[in-house]
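The stops below are to be visited in order, with side chains displayed when a stop calls for them.

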Amino acid sequence: MPDNPFKIKNRFRSFKYAFEGLIYLFKKEHNSWIHALAMLVVIVAGCIFKLNTIEWLFVIIAVGLVFAAELINSSIERLVDLASPDINPIAKQAKDLAAAAVLVVAIVALLIGLMIFVPKIKSRVESNKEKELVYEKKNISENIKHCSCRVKCHALSFGQYNSKS
């Protein structure tokens, strides 16, 4: 192993390569688009439902693990293609296993999302139902008052009408 002294320029170059890998992922791996869309939906939902710090932590970890798994899967696929350009059952198994790893991480991320968002959605729906009931009761009450006022007004005007004649 060559003796490589620490150089800041080399460290920046390594970040450049990492970003090139991310760019490649989004340009060539269509599944990454699905993950990115899911991430955007989760971020918007997290803002709407006002996730707390711990919930955001779980969401960020879950999203990060999905993208990390997708990156590892893609790199394994490239290495297998390089090492075994011909159809090979062992190469297929390696690719399938790497894809399965992404699937497992995505399922775990989905479960985390469900555990965080389902109670919040349920609470919001129940809260809206309660608000609708209160609104309906208020409308009914106002309609009864309005109706009874009309009855009184009609009775008074009828009485006044009859008393004038």
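This is a predicted model: local features need pLDDT of at least 70, side-chain atom pairs count only at pLDDT 80 or more; totals for chains, interfaces and linings use all residues.

**Stop 1: helices H2 and H3**

Select residues 30-48, which form helix H2, and residues 53-83, which form helix H3. At what angle do H2 and H3 pack? The angle is about 175 degrees, and the axes are 11 Å apart. Because angles over 145 degrees count as roughly antiparallel, H2 is roughly antiparallel to H3.

Now display the side chains where these two helices meet. On the H2 side, select Asn31, Ser32, His35, Ala36, Met39, Val42, Ile43, Gly46 and Cys47. Their partners in H3 are Trp56, Val59, Val63, Val66, Phe67 and Glu70. Colouring by class shows 10 nonpolar, four polar and one charged residues in the contact of H2 with H3.

**Stop 2: helices H1 and H3**

From H1, the contact involves Gly21, Leu22, Tyr24, Leu25 and Phe26, while H3 contributes Phe67, Glu70, Leu71, Ser74 and Arg78. By class, the contact of H1 with H3 contains six nonpolar, two polar and two charged residues.

**Stop 3: helices H1 and H2**

Keep H1 selected and bring back H2. How are H1 and H2 oriented to each other, roughly parallel or roughly perpendicular? Their axes come within 5 Å and cross at roughly 100 degrees, which makes H1 roughly perpendicular to H2. Select Leu25, Phe26, Lys27 and Lys28 in H1, together with His30, Ser32, Trp33 and Ala36 in H2, to display the contact. The residues of the contact of H1 with H2 comprise four nonpolar, two polar and two charged.

**Stop 4: a salt bridge in H1**

Select Lys16 and Glu20, whose side chains form a salt bridge with an N to O distance of 3.2 Å. Both residues belong to helix H1 and lie four residues apart, about one turn of the helix. In the whole structure, a search finds six salt bridges.

**Stop 5: a nonpolar surface patch**

Finally, switch to a surface view and select Phe6, Ile8, Phe12, Phe15, Phe19, Leu22, Phe26, Trp33 and Leu71. Together these residues make a nonpolar surface patch of about 980 Å².

Notes:
Residues are numbered from 1 along each chain as its sequence is written. Side-chain values use heavy atoms; hydrogens and water are left out. Patches are made of residues with over 30% relative accessible area and no salt bridge: like charges are joined within 9 Å, nonpolar side chains (Val, Leu, Ile, Met, Phe, Trp, Tyr) within 5 Å. Accessible areas come from the Shrake-Rupley method with a 1.4 Å probe; for residues, only the protein chains shown count as cover. A salt bridge is a side-chain nitrogen of Lys or Arg within 4 Å of a carboxyl oxygen of Asp or Glu. Axes are lines fitted to C-alpha atoms, for helices over the stretch in contact, and angles run from 0 to 180 degrees between N-to-C directions. Angles under 35 degrees count as roughly parallel, over 145 as roughly antiparallel, 65 to 115 as roughly perpendicular and the rest as oblique. Contact means heavy atoms within 4.5 Å. Ala, Val, Leu, Ile, Met, Phe, Trp, Tyr, Cys and Pro count as nonpolar, Asp, Glu, Lys and Arg as charged, and the others, Gly among them, as polar.
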